[in-house]
Amino acid sequence: MARHRSGTAVAVTLAFLLPGLGLGAGSAALAGTSGTSASAGQGCFAGARTLSRLGDHVYPDTGNGGYTSLHTNVDLVYDATTNRFLRGNHVILTDRATHCLTSFSLDFERRSTANVSIGPDMRVRSVTVNGARASFRFVQPTYPGDPNGPNDPNPLAHEASENNPVGGPQHNPLPPACSPELKSTSFAKRNSQNGEQCPANKLVITPAAAIANRSVFTVRVNYTGRPGVHTDGDGTTEGWFRSDKPRGDGGFVTTEPVGTEDWMPLNDHPSAKPTYDFDDTVTAGRTVLANGILESRTKHAPDAKFPHGSVTWRWHMASPVASYLVEDSVGHFNLTQRMVDGIPFYEAQASSLSAARQKKNLAIMNKQPDITRFESKFNGPYPFGSDGVVVGRPSASFEEEMETMITFAGGEIDTDTLYHENMHQWWGDHVTEANYNLTFYKEGMATLGEFLYHARLAQHAAGGPGRAAGRRAFQRSLVKRFNGLYKSKGGFWTIAPSNPTPYSLFDEDSTYARPGITYVALRQILGHANFVRALTQLQRQYGGGVITEAQLEAGFRRWLPNRSAACGARLGQFFTQWFDTAYPRGGGANRPQITGPGLAGPGFYGAGGCTR
Ligand SMILES: [Zn+2]
């Protein structure tokens, strides 16, 4: 994700520092509140209603346990003129049980309590499990790890907060059950809603009969109404943005971190990565843009639902997609496709944009194959079967790396951000963060993508990669970038990248720039060739799944030129300083010393260092 606006928050972390937030390998599905865990083993019990762990305070309500998400069929029946899902609109989720299930949950914000004008207003009509009618209800989330279980009668167990503990007017000592939906983006007001009750966005489904452990089952949710946007823990909005240019155009979907549940029910956690098929029937004349490959487009004659006719667009996405990367925009778009290096590149933009603007946008969109080739030199082969860009009209507050279909809002695209979002196809999309607090890991890599772009420009100006002067210019550009940011004072060092609050989750300093120059330093420590080996190996090892902080760091450690225990420990210290430590305003004397300033810091270079 990349923010439009410059207004970087002046952030001071007030979060309760919890060391070691990274999830252990594959432990996400085991975490959380199982309710009757005493009966675990051969017994049947309810699936956990969160994938977070005790103390997590960044969207701790999201994700659901007791099953693994395998595949999702999205079958929208969408009237673009009224922005409504009609009868017949549904999703079919295919899951595999990880224990015998008496009930399980999904995330679905059917109605917004924070924003009634552009928030969703939907209704679940019915739910079936393996074709049989199932009962369902909406409940509030409970803080992860609550020993009293998910139905804890204590109202304090269901409160929102930016922090752990909740605090708020009642000085609630418990961890938060969800993140506030802030009515303001103001830093001063970030804690103003701590202690409010969480909305009932957990859709608990009870099938007619228990679901056997390890069995694959399908859940069909039929729902209608108006999709909308979620209001985040930093006061911004994301989800299904109404597009009304031209009038009755459709919807523009850009959803990080949790807004997908504002237009469809799902297992809304980055670690849940099913594959997707989309069969969307929409008002005639509209284009549907989703992840993957466009397989077909079928026109239908007018009927009772669509008096002027309709069209069904079928998209197929064979690779897993994290919850916040599902794309499904509908509207008047000009859509074209170019085949380059055997990859279809989709180019879509709102057809209501002026011809001059579309021409300008297209010139930048046409760079995507070249950008992909360039970024492949660092990351390894492009991981998906297609790539693409959609430029929509609504002024969403950010651009986003939707898997294989990058969204640009406000009718404009720029090259810097295209390098950023395209880099995410490897980092975030193919290899996804295991939890929200690791957002810095992939935003840092995408920021590195922007740094590499500018280094490439400098290299080009100095004669290109084939010339020694060009290679020197490339290196100089990266060192200059590192030094410029390393000198940063103010709030630059005050938030540990791995310990954000919902308010600081997309902080320009701690989530983007600081991890961005960390990777520049890592390239210096490992050497360019080993850095590239580390990146390509991480892609091979974790592609299609998720990565924890420990796994990320181990992936770099294995390519240290000097593999002594002392140098491994030195690199561990480097990661602790750069990723996990909050420093005083201005950075203070103890801000990261290894490799900085000038990328010539002690410990890694020179005699007795770890670079040889
Ligand atoms: Zn990003």
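A residue is called buried when its relative accessible area is under 20%, exposed when that area is over 50%, and partly exposed in between, using a 1.4 Å probe and protein chains only.

These legends describe a predicted model, in which local features need pLDDT of at least 70, side-chain atom pairs count only at pLDDT 80 or more, and totals for chains, interfaces and linings use all residues. Residues are numbered from 1 along each chain as its sequence is written, and side-chain values use heavy atoms, with hydrogens and water left out.

**View 1. Asparagine 83 and tyrosine 59 each have a positive phi although neither is a glycine.** Asparagine 83, whose phi is about 60 degrees, lies in the loop between β3 (77-79) and β4 (84-85), where strands (E, at least two residues) and helices (H or I, at least four) are DSSP runs numbered from the N terminus. With 5% relative accessibility, asparagine 83 counts as buried. Tyrosine 59, with a phi of about 45 degrees, is found in the loop between β1 (2-3) and β2 (67-75), and at 4% relative accessibility tyrosine 59 also counts as buried.

View 2. Histidine 424 lies in the loop between α3 (415-423) and β24 (432-433), whereas glutamate 443 lies in helix α4 (residues 439-461), so the pair ties together parts that are 19 residues apart in sequence. Histidine 424 counts as buried, at 0% relative accessibility, and glutamate 443 counts as buried at 0% as well.

**View 3. Phenylalanine 556 sits in the largest nonpolar core.** A nonpolar core is a set of buried Ala, Val, Leu, Ile, Met, Phe, Trp, Tyr and Cys residues joined through side-chain atoms within 4.5 Å. The largest one has 126 residues, and Tyr519 and Phe556 have the most contacts inside it. Leaving aside residues up to four places away in sequence, phenylalanine 556 touches residues including Tyr519, Leu522, Phe531 and Phe575, a contact being heavy atoms within 4.5 Å.
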